[in-house]
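Dear colleague,

Please find below the structure that I am passing on to you.

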Amino acid sequence: MARKKHPLQDTDAELTVGRPKRSAAGLPSLSETLPHALAGMGPARAWKTLTAVNQKDGFDCMSCAWPDPPERKAAEFCENGAKAIGWEAEPLRIPSSFWAENSLASLDSRSEYWLGQQGRLMEPVFKAAGSDHYVPVSWDEAFKVIARELNGLDHPDQATFYTSGRTSNEAAFLYQLFVRAFGTNNLPDCSNMCHESTVVAMGETIGVGKSAITYTDFAKSDLIIIMGQNPGTCHPRMLTALEEAKHAGASIVAVNPLPEAGLINFRNPQKPRGLMGRGTDLADQFLQIRLAGDMALLQAVSKRVLDAERAAPGTVLDRAFIDRHCSGFVGFAAQMAALREEDVLVATGLTSAEIDELAQRYIRAERVIITWAMGLTQHKKAVATIKEIINLLLLRGNIGKPGSGPSPIRGHSNVQGDRTMGIWEKIPAWFLDALGEEFGFEPPRKPGVDSVDSIKGMRDGSIKVLVALGGNLVHAISDTEVAEDAVRKTRLSVQISTKLNRSHAVTGEQALILPALGRTEIDVQGGVEQFVTVEDTVCAVHRSAGRLAPIGEQVLSEVAIVTRMAEAVLGGKVPVDWAGMRRDYDSVREHISHVVPGFENFNTRIRAVDGFVLPHGPRDSRTFPTATGKAMFTVNALETITVPEGRLMLQTVRAHDQFNTTTYTMNDRYRGIKKGRMVLMVNPGDLAELGFADGAYVDVHSEADDGVDRVLRGLRLVAYPSARGCATAYYPEANVLVPLGSTAEGSNTPASKSVIIRLEPAAAPVFGAAAGLRT
């Protein structure tokens, strides 16, 4: 059938491909960071923001949730953080005339990159039913539209309320309060698409779905195993912690289908050795694993640990820890005894010698951290894989002692805090009890829908209104065409945003865009400058206060938007002082201190210079709030994905100049890709076997059990040193290939890292106006 070309296609007209880099940061990082910041913000604005980001009296960087060290450097930001700040803080504004000049259809034809380059949103705009244009409206008019549509639903569950991880603790708490006062637990968020598998697995096995280490534990560790993670691009400040750990004597093992520059060598741009010298080699061992093979690798290492204990009883396992703090060991050990080496080798693509080396490293180390990200969480067996991380750590007591523990690395800056504040469709009863008691109403008890099920509900007509507090749901979720069609079936879509993205171009019958203050901006309410708080990936809570004047008079804080929306929709339905909390964020924090454990005396403790760290039973005292009251060994059946002959397994990844769905430039410097994103990276041996040449163009078809032919057309093949049988394309462009129903068991997270694909030859794309429709 005739299909419109991808909006990014024309941007690849000057695509170039070079060799992947073997080191990260250094002088190239500085040469990228400073000109980018200066060009976007100007010298004064750049100085004001970059000297305040991640400082104790400044604001929290929005580009990742990496924790801040106890002692801050003058430049406590990375290259990508500077780009994120410049992207938000540039003074470019979208004028009112923009909406008359650009129809919805024209916005839909634009790339994510183009949309983000148009500048900051300055006023509420509304698309009426039957119209193809947004028009500026007042805030009162916008809230009246929301109130009319929400209150006109047959029941509250016909609306879903999405949240992005950039939202502060205060705004997130108020948002979930509003939604539950409205009458639903439909509170999907970006966790559903990233670390939901982690939350489920760790919640069941150790009782807490958060990192069980602190920042300083990295430098105390003997061995750090990094799995399915690319810190050099996704959280570059982690490279500094890894360098510190390496200098303190730690070994580092990287487990990944792709060699990533940041884990090969790090040239610290804040040290002479990093700028002018060799830098620091990080990974002592690189295991180039086959996609979806991590579970088999972890089981194989655990089996070797158990075999070593049998060979030398009492010398390998931490029997005192296992006997006192764990349950389920006998069943787990029996399953490992039956593990077949041949199954492991097929699943991982590794050799027995490589696995032996990792097992010996683990056995020799007294303190071990295993850290991971999306490369583990977005597979069918993601939950089981993370349970195997816990199994391995438990064998030698590597939880609850310095320098050891499981360390999931969150990507979005406050995605962990949002969940702590109650943004969760499956919120436990104790939270609802506390919320109801604090505010004098009965919250709904029926579980809500997550991100994937929200799209299904919109597709099937059971959800008629979408409200999104930040984010870019339609482009972040899997099965892009299905997601877009689903959103277009709603009566109303509402986006609370700082800048344009694809979700503003794909709307319901009616649509609103509501402009919000950014993290970099000063927030004044009731004549008083306010601050907000965030929680990082190691459970540390701290203040964040912007330094720049608001971009415009009509741009409101997220707290103001949420509270005014609640007033318009709810009226006097619940006895909540929305106006009082809008005027004084201390009052929001006072309520949080009564509802959320660990936030007692919030307003006093948050004013300490370093904030405070939330309690964590497994980390702090080796207490485990699980079903058994102990850490739980689990038995997980190994399944190997069978890839048919002539097919590959696809993973989606971020480029270096990218934050979630936002692209800052069209370059992926460390992978050698410049001025383009429509590429498919494949091992040269696989290209030869499939009969394709490096540089050829292909249409990529995903093959799923539902029989739907999902296709991404006109990708350029790039011969790349990836694991055999595995291919890589960029997120979110390749989301179109991920079936909506293909999700992780137990967490419903899109399985974006294990998509079976076939390649069909395609003609080179035609760039420019001549391209038209492509078949």
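Predicted model: local features only at pLDDT ≥ 70, side-chain atom pairs only at ≥ 80, totals over all residues.

Nonpolar cores

The largest nonpolar core comprises 69 residues, and those with the most contacts inside it are Ile-146, Leu-150, Phe-161, Phe-178, Leu-514 and Trp-578. Helix H8 (residues 169-182) contributes the largest share of this core, 10 residues. A second, separate core has 51 residues, among them Leu-287, Ala-300, Ala-365 and Val-368.

Aromatic pairs

The count of aromatic pairs comes to 16. One of them joins Phe-161 and Tyr-175 edge-to-face, at 6.3 Å centre to centre and with 75° between the planes. Phe-161 belongs to strand S6 (residues 159-163) and Tyr-175 to helix H8, so this pair ties together parts that are 14 residues apart in sequence. Both Phe-161 and Tyr-175 are buried.

Phe-329 and Phe-633 also form an edge-to-face pair, with 5.4 Å between centres and 70° between the planes. Because Phe-329 lies in helix H16 (residues 329-337) and Phe-633 in the loop between S23 and strand S24 (648-653), the pair ties together parts that are 304 residues apart in sequence. Phe-329 counts as buried at 14% relative accessibility, and Phe-633 counts as buried at 5%. Elsewhere, ring pairs link Phe-98, Trp-99, Trp-114 and Tyr-134 into a cluster.

Helix H9

Helix H9 (residues 196-205) is largely enclosed by the rest of the structure, because eight of its 10 residues are buried. These buried residues are Glu-196, Ser-197, Thr-198, Val-199, Val-200, Ala-201, Met-202 and Thr-205. The elements that cover them include strands S13 (368-372), S14 (405-408) and S23 (631-632), together with helices H19 (374-377), H20 (382-395) and H21 (415-420). After H9 comes Gly-207, which has a positive phi near 95°.

Cavities

The structure contains seven cavities of 30 Å³ or more. The second largest cavity has a volume of about 250 Å³. It is lined by 21 residues, of which Leu-517, Gly-518, Arg-519, Asp-523 and Val-532 are the closest to its centre. Strand S19 (528-530) and helix H27 (558-570) each supply at least two residues of this lining. By class, the lining of the second largest cavity consists of eight nonpolar, seven polar and six charged residues.

Backbone features

- Ala-25, in strand S3 (residues 24-25), has a positive phi of about 70° although it is not a glycine. At 13% relative accessibility, Ala-25 counts as buried.
- Asn-54, in the loop between helix H2 (43-50) and helix H3 (79-89), is a residue other than glycine with a positive phi, near 60°. Asn-54 counts as buried, at 3% relative accessibility.
- The peptide bond from Tyr-731 to Pro-732 is cis, with omega near 5°. Pro-732 is located in the loop between strand S31 (726-730) and strand S32 (755-762).

With kind regards

Notes. Residues numbered from 1 in each chain as written. Heavy atoms only, no water. Buried < 20%, exposed > 50% of the residue type's maximum accessible area, 1.4 Å probe, protein only. Helix = DSSP H or I, 4+ residues; strand = E, 2+ residues; numbered from the N terminus. Contact = heavy atoms within 4.5 Å. 1 Å grid on protein atoms, 1.4 Å probe; cavity = no way out; pocket = protein on both sides within 12 Å on 5 of 7 lines; lining within 4 Å. Points joined across faces, edges and corners; volume = space filled by probe spheres on them. Nonpolar A, V, L, I, M, F, W, Y, C, P; charged D, E, K, R; others polar. Core = buried A, V, L, I, M, F, W, Y, C linked by side-chain atoms within 4.5 Å. Phe/Tyr/Trp six-rings, centres within 6.5 Å; stacked < 30°, edge-to-face > 60°.
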